[in-house]
Amino acid sequence: MTTHNDCSEISRSQLSVEEALELLLAQSRPIADSERVPTRSGLGRVLAESVVSTIDVPGWDNSAMDGYAVRSADLAASGGRLPVSQRIPAGVVGPPLESGTAARIFTGAPVPAGADTVVIQESCTIDGDWVQVPPDIEAGANIRRTGEDIAAGSQVIPAGIRLRAQHLGLAASVGAAELTVCRRLRVAVFSSGDELVMPGTPLGPGQIYNSNRFTLIGLLEELGCEVRDLGIVRDTLDATMEALAEAAERSDLILASGGVSVGEEDHVKPAVERLGSLDLWQIAMRPGKPLAFGHLGAARTPFIGSPGNPVSLFVTFCLFARPFIRRMQGIVGSVRPAAVTAEVGFTWPRPAKRREFQRARLEPDKDSRPRLSLYPNPSSAVLSSVAWANGLAVIPEGRVLKAGDPIEFIPFSELTG
């Protein structure tokens, strides 16, 4: 396992994206607390205890189609012409099927005792109270068997799954009225910079609106986190230490944007070092080269500091903070974003020294072939590029690309929410 000292050793040189993520995930610890919630309130939560079914689903042999329930042994002798002896809608249990008769039956209705086949109504001909069915129908057709979906005592949903709508439906199908889920992760966020003001406030000389606050909180809320917004922290060491100390006592994780460099007005780094420990990593990627990681206070609350440029913040959050958070939330299995292979519709004539994560859009070209196009301005300050894109094109270091070359593409569906 990677230790804190190991991080310091590696931080002397640039890390690859894989190395940085591995170091980060090695120090992510799932929170232990859980709570019971109604199943209808479980969307987006991480399951802390597996759901085990106490019933068979279906609970009885039932008809998969609207049609007629018959005994297959009766068909040869009757030529498939049978009197209809009963009608069984869904929710009704009919009496045992009389020999030599058929039962009108509807989808989901219990198959009556004695019947072993359901013939779909489209294959039948009705003549008053009689039905003509194909005499060579396959025995056992169109019947859903007891427990063929879920057997009593089986695990339905394993712990460590982030619950989606289909999971809630599955839990409800076995009668689970409540679910045991991990407590929501409490994440404190703040921005540093005296140049920042909130939307709705007139801009003064040299001031900008604090877009990072909204981006960061939105990304966290999409992950189901409980966000503690500490707002804009003044650019002083005392104010920064005060905000960090408060956050460390009441949060599971602290995220900051900006102020993690070594300039005279960058107070986050010395503040974290006074209250705990900090590693400042240089990652061989663009945008988002610097990333800070440390721990604060007696509880060693994790701290992640991202660059202040809005695109760098977005990219580093998606590639590093998001997997770290997903592991803390208790998600089991891979927490890394999955990439797909896509052809480029552009040229990249000059090989990059660092791996590029360019804002890209995957969409059909004029020949209806899916191709990647890049936003024309690669600056990490251009937040409109993130709103325009539907994912990140991964351009390997040292590569020259021409139209049609395959590269990795990470869709936003893998990077947010």
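Residues are numbered from 1 along each chain as its sequence is written. In this predicted model, local features need pLDDT of at least 70 and side-chain atom pairs count only at pLDDT 80 or more, while totals for chains, interfaces and linings use all residues; side-chain values use heavy atoms, with hydrogens and water left out.

**Exercise 1.** Determine where S16 is found and how S16 is classed by accessibility.

*Solution.* Helices are DSSP runs of H or I with at least four residues, strands runs of E with at least two, numbered from the N terminus. S16 is found in the loop between α1 (4–10) and α2 (17–26). Buried means under 20% relative accessible area, exposed over 50%, and partly exposed in between (1.4 Å probe, protein chains only). S16 has 23% relative accessibility and therefore counts as partly exposed. The C-alpha atom of S16 is separated by 5.4 Å from that of A284, 268 residues apart along the chain.

**Exercise 2.** Classify the ring pair F293 and F324, and locate its members.

*Solution.* Rings of Phe, Tyr and Trp (its six-membered ring) pair if their centres lie within 6.5 Å; planes under 30 degrees apart count as stacked, over 60 as edge-to-face and the rest as tilted. The count comes to four aromatic pairs. For F293 and F324, the centres are 5.6 Å apart and the planes at 70°, so this pair is edge-to-face. F293 lies in strand β20 (residues 290–296) and F324 in helix α8 (residues 310–328), so the pair ties together parts 31 residues apart in sequence. F293 and F324 are buried.
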